[in-house]
Amino acid sequence: MVACAVWYFGGSTERTHRAEVAASLKGVKYRVKCSACGAIAEMDAGEYLANLGPDGVRCTSCGKNSALQIGTADSLDPSQFQEEMKSITTVSEARMAARAVQEELDRVQRALDAAELAKDTGKLASLNAEKAKLNTKSIAIYARWEELRN
Ligand SMILES: [Zn+2]
């Protein structure tokens, strides 16, 4: 059980999960602003997530890793979970939160599959919105996780 838990939360699983989130964000663009030089750039949301470090992603103007996402649609802005993330104070709490959000995503995915079969377009739209929000939440959790690990 312990070995299983270690495997589940191991680095490769985290990377795999990030890749899955990145795939679901295909076509979504984030605006990023560098806190060092103030440059604003647009970047692929998946690329942003894949390269996000504790202080942000690499700025294309000055090269510092200080560019953070600003101003996207609310449902895709991880900072909406900022308050909630403050309640996560240890790495193991971050792991639990990541697992909980993954379980939610699995549930939504099953519902999406069912709605697709039933060709229920109204339900598909609301489930896709829920999925986007959960994916965004998982980005916030992983960012918090990185923060706590450092
Ligand atoms: Zn910069």
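Within helix α5, the buried residues include A94, A97, A98, V101 and L105; buried here means that 20 or more other C-beta atoms lie within 10 Å of a residue's own, with C-beta atoms placed from the backbone. Part of their cover comes from α6 (121-149). The model is predicted, with local features needing pLDDT of at least 70 and side-chain atom pairs pLDDT 80 or more, while totals for chains, interfaces and linings use all residues. Numbering starts from 1 along each chain as its sequence is written.

Helix α5 spans residues 91-117, and its 27 residues reach 39 Å from first C-alpha to last, close to the expected 39 Å (1.5 Å times one less than the number of residues). Helices are DSSP runs of H or I with at least four residues, and strands are E runs of at least two. Just after α5, K119 has a positive phi of about 50°.

Now to the core. The largest nonpolar core has 27 residues, and Y48, L49, A98 and I141 touch the most other members; such a core joins buried Ala, Val, Leu, Ile, Met, Phe, Trp, Tyr and Cys residues through C-beta atoms within 7 Å.

| Element | Residues |
|---|---|
| β1 | 29-34 |
| α3 | 45-51 |
| α5 | 91-117 |
| α6 | 121-149 |

The largest share, seven residues, comes from α6. Beyond neighbours within four places in sequence, A98 contacts S138, I141, Y142 and W145, a contact being C-beta atoms, placed from the backbone, within 7 Å.

Finally, three strands make an open antiparallel sheet ordered β2-β1-β3, where pairing takes at least two DSSP bridges between strands.

Conventions: Buried ≥ 20, exposed ≤ 12 C-beta atoms within 10 Å, placed from the backbone. Contact = placed C-beta atoms within 7 Å.
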